[in-house]
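The tour starts with one term, then moves from single residues to the whole chain.

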Amino acid sequence: MTQIGHNVSLPERARRIRRHALRMGEVQGQGYIAQALGIADVLAVSYFHATKYRPDDPEWEGRDRFLLSIGHYAIALYAALIEAKIVPEDELETYGTDDSRLPMSGMAAYTPGMEITGGSLGHGLGIAVGMCLALKRKNSKSFVYNLFSDGELDEGSTWEAAMSAGSYKLDNLIGIVDVNQMQADGPSLGVLNFEPLGPKFEAFGWFVQRVNGNDIDALVKAFDAARHHEGEQPRIIICDTKMAKGVPFLEARERNHFLRVEPHEWAEAIRIIDAGVQA
């Protein structure tokens with residue numbers, strides 16, 4: 001596993017990821033900030049505990065692949081890539097602007113470390129299955145991580161990929177689903193009830209864990225268990241997260257799928273993150 005500034009704690013990594021995301025959001029004055037704040041702990045554990053990569057060589061063949069199926073979560077992944085030194089921090093101010101390597105929706109052709117273009121929701125897990133099959137043909141020991149959303153559970157392609165992964169016994173696949181209970185049309189379970197989620201994946205042959213996605217200790221244990229599980233089966237970590245985690249006044253907003261934040265509120269949100277204030 002990659003060791004980058006190993007003296008920096010995972011909670012501090014998560015705090016910095018949140019701060020990077022807020023600074024990018026401030027450039028545009030709006031965006032998918034609530035998702036970025038909610039998934040920051042998962043990204044901190046992914047990039048600074050679990051995943052193999054080389055910051056100076058994002059296409060290193062021996063790397064683990066981290067796929068962002070949810071293209072509109074790009075601001076969250078950019079924040080992690082900046083913290084991991086794959087993307088320079090000074091590019092943060094270009095977020096969403098013309099000719100930036102950090103477009104508002106993730107595009108693999110633009111951004112170092114962005115493995116796929118995830119704009120069409122529900123495709124990431126299928127791409128991950130293909131990558132896992134290819135890596136097995138190469139006798140590679142690398143893992144493929146695929147981060148997708150509870151909204152993508154509405155897509156039939158997600159379940160086709162889940163069934164395929166179990167059938168092919170893809171023990172090099174680790175799925176991560178962000179269950180934040182919100183999507184564009186409203187609360188996720190109100191749009192389409194996907195529960196009970198764990199037993200569904202178990203029925204398709206997956207090794208399943210469900211954790212509080214904002215509990216770093218629980219996430220570390222879950223990632224370790226997923227990587228070291230001995231069964232010939234894909235693994236999934238179901239992460240229950242809180243939208244806008246860490247900034248109470250944003251957490252309290254009823255509809256926060258896409259946030260428009262007043263100019264003075266960005267400074268207040270960053271102040272809260274810098275002070276380590278948690279809800």
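Helices here are DSSP runs of H or I with at least four residues, numbered from the N terminus. The coordinates are those of a predicted model.

**Stop 1: R227**

Select residues 216-228, which form helix 8, and pick out R227 within that helix. Is R227 buried or exposed? Its relative accessibility is 14%, and the cut-off for buried is under 20%, so R227 counts as buried. Now show side chains. The R227 side chain has a polar contact with the side chain of D64, at 3.2 Å. A polar contact also links the side chains of R227 and Y145, at 2.6 Å.

**Stop 2: F207**

Move to strand 5, residues 207-212, where F207 is located. Which residues does F207 touch, once neighbours within four places in sequence are left aside? They are A225, A226, H229, Q233, P234, R235 and I236.

**Stop 3: backbone details**

Select E195 and P196. The peptide bond joining them is cis, with omega about 0°. P196 belongs to the loop that runs between helix 6 (188-191) and helix 7 (197-203).

Next, select D99, in the loop between helix 3 (74-83) and helix 4 (124-137). D99 is not a glycine, yet its phi is positive, about 70°. D99 counts as exposed because its relative accessibility is 82%, the cut-off being over 50%.

Then go to A244, in the loop between strand 6 (235-240) and helix 9 (248-251). A244 is another non-glycine residue with a positive phi, about 65°. With a relative accessibility of 0%, A244 counts as buried.

**Stop 4: the whole chain**

Zoom out and colour by secondary structure: the protein has 10 helices and seven strands. Along the principal axes, the C-alpha atoms fill a box of roughly 50 × 45 × 35 Å.

Of the contacts between residues at least 6 apart in sequence, 75% join residues at least 24 apart.

Finally, display the surface. The accessible area is about 11600 Å², and carbon and sulfur atoms account for 49% of it. The protein has 28 positive and 38 negative charges, and their mean positions are 5 Å apart.

Conventions:
Residues numbered from 1 in each chain as written. Predicted model: local features only at pLDDT ≥ 70, side-chain atom pairs only at ≥ 80, totals over all residues. Heavy atoms only, no water. Helix = DSSP H or I, 4+ residues; strand = E, 2+ residues; numbered from the N terminus. Contact = heavy atoms within 4.5 Å. Areas by Shrake-Rupley, 256 points an atom, 1.4 Å probe, with all protein chains shown as cover. Lys, Arg positive; Asp, Glu negative; His and termini not counted. Charge placed at Lys NZ, Arg CZ, Asp CG, Glu CD. Buried < 20%, exposed > 50% of the residue type's maximum accessible area, 1.4 Å probe, protein only. Polar contact = N/O pair within 3.5 Å; in protein donor to acceptor, adjacent residues only side chain to side chain.
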